[in-house]
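Hello,

Here is the structure we talked about. Please open it first, then read my notes below.

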Amino acid sequence: MPSLAGAAWPELPDRPLLVVPLGAVEQHGPHLPLGTDTVIATASAEAAVELVDDAVLAPALAYGASGEHEDFPGTVSLGTEALAGLLVEYGRSACRWAGRLLIVNGHGGNLEALRGAVPRLRSEGRDVAWFPCGFSGADAHAGRTETSLMLHVEPRAVRRDRAVPGETAPIGELLPRLRADGVRAVSPNGVLGDPAGASADEGAGLLGALTARLAAAVRTWDVDGAGRLRG
């Protein structure tokens with residue numbers, strides 16, 4: 001697998017697809033590490049690159065827009081405006097030599113920045129898209145879905161003895177208060193969901209399905225008006 005960080009410039013394919021994981025540094029309850037979103041985005045991007053010709057894996061962009069989590073120690077948020085600016089400048093630079101640029105996003109709070117930055121890059125003639133690490137039926141944050149993924153990808157980072165439920169109401173019911181007051185006002189331990197029942201096997205299945213969707217989407221390369229790669 002070509003790695004941008006490990007390659008010398010003559011070793012890169014001509015006009016490659018550059019795949020960039022985008023994550024966050026934010027609380028994930030008492031049992032998951034602050035880098036969970038970045039770990040999951042990187043694992044997804046890394047697996048997809050193996051399935052796509054002339055793709056190169058870039059180092060992850062490990063900070064995102066996580067203002068809703070800033071009441072918890074450890075969270076570091078760039079905010080939407082700064083993240084959007086970073087993505088625009090990244091795309092302008094990388095597309096001088098990369099034929100296409102794909103941002104694999106592991107954090108929902110980054111969506112507003114992506115929906116602003118990627119269409120702007122595309123309007124400037126750069127072939128850029130983004131793809132979400134989304135899972136059907138997933139709980140919102142640090143619950144069974146993310147815990148299973150981490151048990152598969154980075155099991156030593158999971159504090160199993162600290163895995164407890166948080167707020168389990170549907171995310172649609174919680175959004176107004178989350179936006180107004182942040183996650184801590186809704187869930188004192190930072191979990192939106194319940195990690196009970198999480199397993200490495202479930203995580204492997206989730207990641208495998210996501211990787212297959214991502215690789216298929218890259219092959220068709222159908223980008224919507226918000227810059228999202230359909231698939």
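Start with Arg184. Its charged end sits over the ring of Phe72, 4.7 Å from the ring's centre. A second case involves Arg100, which lies over the face of Trp221. There the distance to the ring centre is 4.5 Å. Bear in mind that this is a predicted model.

What about aromatic pairs? The count comes to zero. Ring centres would have to lie within 6.5 Å to be counted as a pair.

Next, the largest pocket. It holds about 1200 Å³ of space. The lining takes in 39 residues, and those closest to the pocket centre are His107, Gly108, Gly109, Leu111 and Ala140. By class, 15 of the lining residues are nonpolar, 15 are polar and nine are charged.

Which elements supply at least two residues each to that lining? They are helix H1 (36-49), helix H3 (111-123), strand S4 (128-132), helix H4 (144-153) and helix H5 (171-181). H5 gives the most, with four residues.

The structure has one cavity of 30 Å³ or more. The largest cavity has a volume of about 30 Å³. Its lining is made up of Leu17, Val19, Ala45, Ala48, Val49, Val52, Ala55, Leu102, Leu214 and Val218. Strand S1 (17-22), H1 and helix H7 (200-220) each give two or more residues to this lining. H1 gives the most here, with three. By class, the cavity lining has 10 nonpolar residues, no polar ones and no charged ones. Is it buried or exposed? Six of its six residues are buried, so S1 is largely enclosed by the rest of the structure. Both of its faces are covered. Leu17, Val19 and Pro21 lie on one side, and Leu18, Val20 and Leu22 on the other. Two of these residues, Leu17 and Val19, also line the largest cavity.

S1 has a partner. Three bridges join S1 to strand S2 (residues 55-57), and the two run parallel. Leu18 stands opposite Val56 in S2.

Strand S4 is worth a look too. Five of its five residues are buried, so S4 is largely enclosed by the rest of the structure. Val128, Trp130 and Pro132 point one way. Ala129 and Phe131 point the other way.

What is S4 joined to? Five bridges link it to strand S3 (residues 100-105), and these strands run parallel. Asn105 has Pro132 in S4 as its bridge partner.

Last, a residue on the outside. Glu81 is in helix H2 (residues 80-94). Its relative accessible area is 72%, and exposed means over 50%, so Glu81 counts as exposed. How far is Glu81 from Asp222? In sequence they are 141 residues apart. In space, the distance is 26 Å from C-alpha to C-alpha.

Please send questions my way.

Best wishes

How values were computed:
Residues are numbered from 1 along each chain as its sequence is written. This is a predicted model: local features need pLDDT of at least 70, side-chain atom pairs count only at pLDDT 80 or more; totals for chains, interfaces and linings use all residues. Side-chain values use heavy atoms; hydrogens and water are left out. Rings of Phe, Tyr and Trp (its six-membered ring) pair if their centres lie within 6.5 Å; planes under 30 degrees apart count as stacked, over 60 as edge-to-face and the rest as tilted. A charge sits over a ring if NZ of Lys or CZ of Arg is within 6 Å of the ring centre and within 35 degrees of the ring normal. On a 1 Å grid over the protein atoms alone, a cavity is a set of points where a 1.4 Å probe fits but cannot get out, and a pocket is an open set with protein on both sides within 12 Å along at least five of seven lines; lining residues have an atom within 4 Å of a point. Grid points are joined across faces, edges and corners, and a volume is the space filled by probe spheres set on the points. Ala, Val, Leu, Ile, Met, Phe, Trp, Tyr, Cys and Pro count as nonpolar, Asp, Glu, Lys and Arg as charged, and the others, Gly among them, as polar. Buried means under 20% relative accessible area, exposed over 50%, partly exposed in between (1.4 Å probe, protein chains only). Two strands pair if DSSP finds at least two bridges between them.
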